[in-house]
Amino acid sequence: MSAFTPPPLPSDDKRWKIVNGTMRKNGFARHALIETLHSVQSSFGYLDDDAIRFVAQSLRVPLSQAYGVVTFYHYFSLKPPGKHTATVCAGTACYIKGAAKLIATAEKRLGICQGQTTSDGQISLMTARCVGACSRAPVVLCDDEVVGEMTDEQMIGQLERWAVE
Ligand code: FES
């Protein structure tokens, strides 16, 4: 049996080196599939067809299996994130203080479900576990700014500003 040669990196983008490093550290073994897809998601913010194909070929798993993983876990996204991202903390403290209502308000205002991006690519709505600011619950990360004690009105105001920015 001839030695396996992994496919070349899809581009010079340094982030592929991170992804490749994850596979190399696991000896390009099949069990590294989820960890590697995770590495693509956290490096690029989403996984496109080329990325999934590259990972599947590198780890010698069927393409259908790689797609199966990506579509099964809510964490993975097949679309690039929006220009802006509202990440509602859905940890216990924030949940008690109304995170579910904030999520519902944002979903209604944007016409999307959590985990999705508006069709114009402006805004993504995400949720996270505790972001470490429980005393200010409910907390929303507006891009990378932590906003505590968020109200429905503030949430709508933020989304409206982003819709045109
Ligand atoms: S539960 Fe939301 S910041 Fe801790």
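Predicted model: local features only at pLDDT ≥ 70, side-chain atom pairs only at ≥ 80, totals over all residues.
Along its principal axes the C-alpha trace spans about 65 × 30 × 25 Å. Of the 165 residues in the chain, 40% are buried.

On secondary structure: there are 7 helices and 4 strands. Reading along the sequence, the pattern is α-α-α-α-β-α-α-β-β-β-α. As for contacts, take those with a separation of 6 or more: 62% of them join residues 24 or more positions apart.

I will start with the aromatic residues. How many aromatic pairs does the structure hold? The count is 4. One of them is Trp-16 with Phe-44, a tilted pair with 4.7 Å centre to centre and 40° between the planes. Trp-16 sits in helix H1, residues 15-25, and Phe-44 in helix H2, residues 33-44, so this pair ties together parts that are 28 residues apart in sequence. Are these two buried or exposed? Trp-16 is buried, because its relative accessibility is 6% and the limit for buried is under 20%. Phe-44, at 18%, is buried as well. Trp-16 and Phe-44 also belong to one aromatic cluster with Phe-54.

Another pair is Tyr-73 with Phe-76. The ring centres are 6.3 Å apart and the planes are at 80°, so this pair is edge-to-face. Phe-76 is buried at 9% relative accessibility, whereas Tyr-73 is partly exposed at 37%.

Together with Ile-34, Phe-72 and Tyr-75, Tyr-73 makes a nonpolar surface patch of about 430 Å². Tyr-75 is placed in the loop between helix H4, residues 63-72, and strand E1, residues 84-89. The relative accessibility of Tyr-75 is 41%, which counts as partly exposed.

Ser-77 is found in that loop between H4 and E1 too. At 15% relative accessibility, Ser-77 counts as buried. Leaving out residues up to four places away in sequence, Ser-77 touches Gln-41, Gly-45, Tyr-46 and Leu-47.

Now the interior. In soluble globular proteins, nonpolar side chains tend to be buried together. Here the largest nonpolar core has 22 residues. Which of its members touch the most other members? They are Ala-86, Val-88, Leu-125, Val-140, Met-150, Met-155 and Leu-159. At least two residues of this core come from each of E1, helix H6 (99-110), strand E2 (123-128), strand E3 (140-142) and helix H7 (152-164). H6 gives the most, with 5 residues.

With residues up to four places away in sequence not counted, Val-140 touches Ala-86, Thr-87, Val-88, Leu-102, Glu-145, Val-146, Val-147, Met-150 and Met-155.

The tilted pair of Trp-16 and Phe-44 links H1 and H2.

Methods. Residues numbered from 1 in each chain as written. Heavy atoms only, no water. Phe/Tyr/Trp six-rings, centres within 6.5 Å; stacked < 30°, edge-to-face > 60°. Buried < 20%, exposed > 50% of the residue type's maximum accessible area, 1.4 Å probe, protein only. Patch = residues over 30% accessible without salt bridge, like charges linked within 9 Å, V, L, I, M, F, W, Y side chains within 5 Å. Areas by Shrake-Rupley, 256 points an atom, 1.4 Å probe, with all protein chains shown as cover. Salt bridge = Lys/Arg side-chain N within 4 Å of Asp/Glu carboxyl O. Core = buried A, V, L, I, M, F, W, Y, C linked by side-chain atoms within 4.5 Å. Contact = heavy atoms within 4.5 Å.
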